[in-house]
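Trainee: Could you take me through one part of this structure up close? I'd like to follow the rings and the packing around them, step by step.

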There are 2 protein chains.
Amino acid sequence: MLKRIERLLRQGCGIEPGALLIAGVSGGPDSLCLLHVLQALGHRLIVAHFDHQLRPGSAEDAAHVAKIAAAQGLAFVAGRGDVAAFSSSKRMSVEGAGRSLRYAFLFAQARAHGAIAVAVGHTADDQAETILMHLLRGSGLAGLAGMRPRVVLPDLDGSSPIVRPLLEVQRQETLEYCRLHDLRALHDASNESREYLRNRVRLELIPSLEAYNPQVRQALVRLSNSAAEDLVLIEDILAQAWKRTLMDQGRDYLGFDAARFATEAPALQRRLVMRASLQLQPGIELDFDGLRRAEGFISDPSSRRLQLGEELMLVRESGTIYIALGEQHLPSDKWPQLPAESVGLGRGAAATVALAGNWQFTSELADRESDAAGQAPAQDPYRGRLDADSLPSQLELRAPRSGDRIKPLGLQGHTQKLSDVFINIGVPERLRARWPVLASGDDVVWIPGFRIAEPFRVRKETRRTVLVAVYRRG
Amino acid sequence: MLKRIERLLRQGCGIEPGALLIAGVSGGPDSLCLLHVLQALGHRLIVAHFDHQLRPGSAEDAAHVAKIAAAQGLAFVAGRGDVAAFSSSKRMSVEGAGRSLRYAFLFAQARAHGAIAVAVGHTADDQAETILMHLLRGSGLAGLAGMRPRVVLPDLDGSSPIVRPLLEVQRQETLEYCRLHDLRALHDASNESREYLRNRVRLELIPSLEAYNPQVRQALVRLSNSAAEDLVLIEDILAQAWKRTLMDQGRDYLGFDAARFATEAPALQRRLVMRASLQLQPGIELDFDGLRRAEGFISDPSSRRLQLGEELMLVRESGTIYIALGEQHLPSDKWPQLPAESVGLGRGAAATVALAGNWQFTSELADRESDAAGQAPAQDPYRGRLDADSLPSQLELRAPRSGDRIKPLGLQGHTQKLSDVFINIGVPERLRARWPVLASGDDVVWIPGFRIAEPFRVRKETRRTVLVAVYRRG
């Protein structure tokens, strides 16, 4: 057993002999065995006991652990917290609250004493129970991997790794070890309480599964090890896919190449969404159905918007799928936006107007060119050529008004609603209110990104033209 | 429900409307529902019933199914087999024997009628039971994936795919469907028998798990779907790793680059060993411990040989790890081997001897070169330069003899046993008996792959040298 623990400590936990560890010790057989074994293997230890104050007399447990630490010549630190009160104030389960407070104490001790890790006494039996609990609740690969020998938990401070040197040891072995080394373990009556799911799993479910396969605990532990290894492989592919698909990111959004995203395997799509969501909102829990809906969204090019959480959403905008905390946080500097409701251009033909972000509007006077290029709609919808003499004298760049219409060049004088134009050219809804429109009062002259209006087109008799352009600098 | 089935048929099973299917129909509610739904969705069907002859009166079931088929205007075929007898003659479980005979019948019908698939009525409940059985027995990702909507099973004929259109439908829904459409399902009393593991799982284990989570069946089905998707990702990485590491293959062996193999992730190493083993010996079952030992073998450069099955073994030979059905099948053409016990070289210095495979030995006379390169051991251990006048007149290429020793060049006249030389230069044991040795009687002159002997070295006074070489042609 010592050999197995030593190997796991080095290979699985990454701990070399002589390292200073905080040992979390409840006083039960597992943690007493942990303590004794770690000392036997030459590690430096500080014994840390946390009093959950859930039972009268819990303070005596602390005294007992202190005595054991003293007998082994080890430093001892004690902490305590009102777990019941914390649980009800945070609306957490008692187990969750206990875990939260206990680890906060252990990590604080690790920091205070410069320990390189917090060691806890979870055994292979705890592992089997954990995996069963995950299975019952519904779980994918990560849940089946269960507890790992070394882990950093960002949701629990996470300044030190937690290591679990006994994870390949059976609980029965720790009991025998304690008997052999005359370690008097505390009996925790709450371990028998059927109130806690873990206890029911241990006392009722596992024995009933052993009727089907007496080795079921070992089978579950093996499953957890192989799931953990599979997970490493998948994390590796995920990192590659992330690199392939991620185009753009900000504090509150991540933008993915929509076409690439759609060609990734479904399992990768789900994982990319999950990773992005966790990056934007650490700790968020996405259920399987939400991920399925995200998959549907990704594969459907006509999808626009999918709410995944209170704030979290998917948004599709011209070739990009954003995962974002609300649409208002999406980047707007990819598109031209007015800095204010409207900007007058003055009387001259030459003008430069700074738009939001790095965008800019310019207009300049030019002689009639010899070719007839001006007749056709401009190749680049963000550039236009107008007949200078047809233009009204007062132009402005202004926001779209409800009811705005344009007579687009080439449409034989038919008019089109601006709202339809925006849909046609794929301007994201959130950006329509500040889309720059070149106009004179109600007369729309040019919609950047679309076309100029027919009445201001370059004609045979045109002598001077005005070139207008909207572009991003740099 | 019809919509769900239709989608799964197209997307999961790859079946388009109008296709001819063999429907495996026991007469229970699931298979009657399958039959009715497939017809409603416009598929052409042949109803196939297999009589397992495990109960008196089982022939009446066939008649009942025939009547239902006739009522729906469908062709009907019946088969039967003595499952109990087959089970005891093959030492299989009754369930396994029934499955084997039933599918053999269904596949034969598919071939006979040109059907594109065999459809069976497994439901989401069957799926949950399957996954639980795999979990109980001990399983990795593949077992957790459970039954897939479309699968080809090489161990069961496998000439047609099996499709499972009801895999997302609850058993309760098929019961309601039958009631709604007035389909009289047969009651199979053996479904209640606690003799069969599946029945105990359905009747006892699942209800007891539902006490922990009423949605546990759905959780298991979701797990199976996500495991199946993860598996696709991993198969993809596996294919890449296979390409990276596989160097050489024959009918009874696969040779992998040992250094690359050792750098693959453990989960990939296991899967590579599994895939190689299945390729060499289809149907072989490797247990987890065997795979763990294989991992240890791969990571230990001093490992030589590991028996994994009755014939299956891992062998390490100078940079290659072979997975093979016995060492005798490993390729020998990578090394020089004598075609016979010995070959005389005649009296002249010039000789060419064909060795086994494409190998060849040559010797030729050369004038003393001006430089002193001949003094040092040859750079290429498969080439040697000897003093022509020191050589005995009668040379031969012969097999090593027990007790053979050589005085290697540069070892100040010390002698070395040939057996030690072979270990030092890493000649696989199986190839030592036919390793070519240049000698005259008991005097060893040169060991190809090692060195020439001191007494035959090129000296200051050497006038003529003999160049010897062993090499692979082409």
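**Around Val273(B)**

Mentor: Let's start with Val273(B): leaving aside residues up to four places away in sequence, it touches Phe261(B), Leu286(B), Leu291(B), Ala294(B), Ile298(B), Leu308(B) and Ile323(B). Keep in mind that we're looking at a predicted model. Val273(B) also turns up in the largest nonpolar core, a set of 98 residues, where Val273(A) and Val273(B) have the most contacts inside it.

Now for the rings. In chain B, Arg275(B) lies over the face of Trp242(B), 4.2 Å from the ring centre. Another arginine, Arg316(B), has its charged end over the ring of Phe297(B), at 5.5 Å from the centre. Over in chain A, Trp242(A), Phe256(A) and Phe261(A) are linked into a cluster by ring pairs.

How many aromatic pairs are there over all chains? A search of the whole structure gives 17. One of them is Phe50(B) with Phe105(B), a tilted pair with 5.7 Å between the centres and 35° between the planes. Phe50(B) belongs to strand β2 (residues 44–51) of chain B and Phe105(B) to helix α5 (residues 94–113) of chain B, so this pair ties together parts 55 residues apart in sequence. Both of these phenylalanines, Phe50(B) and Phe105(B), are buried.

One last stop is Val353(B), which sits in strand β13 (residues 351–354) of chain B. Val353(B) counts as buried because its relative accessibility is 8%, and the cut-off is under 20%. Again skipping residues up to four places away in sequence, Val353(B) touches Val343(B), Leu345(B), Gln360(B), Phe361(B) and Leu397(B).

Note on methods: Residues are numbered from 1 along each chain as its sequence is written. Chains are lettered from A and ligands numbered from 1 in the order in which they are written. This is a predicted model: local features need pLDDT of at least 70, side-chain atom pairs count only at pLDDT 80 or more; totals for chains, interfaces and linings use all residues. Side-chain values use heavy atoms; hydrogens and water are left out. Rings of Phe, Tyr and Trp (its six-membered ring) pair if their centres lie within 6.5 Å; planes under 30 degrees apart count as stacked, over 60 as edge-to-face and the rest as tilted. Helices (H or I, at least four residues) and strands (E, at least two) are DSSP runs, numbered from the N terminus. Buried means under 20% relative accessible area, exposed over 50%, partly exposed in between (1.4 Å probe, protein chains only). A charge sits over a ring if NZ of Lys or CZ of Arg is within 6 Å of the ring centre and within 35 degrees of the ring normal. A nonpolar core is a set of buried Ala, Val, Leu, Ile, Met, Phe, Trp, Tyr and Cys residues joined through side-chain atoms within 4.5 Å. Contact means heavy atoms within 4.5 Å.
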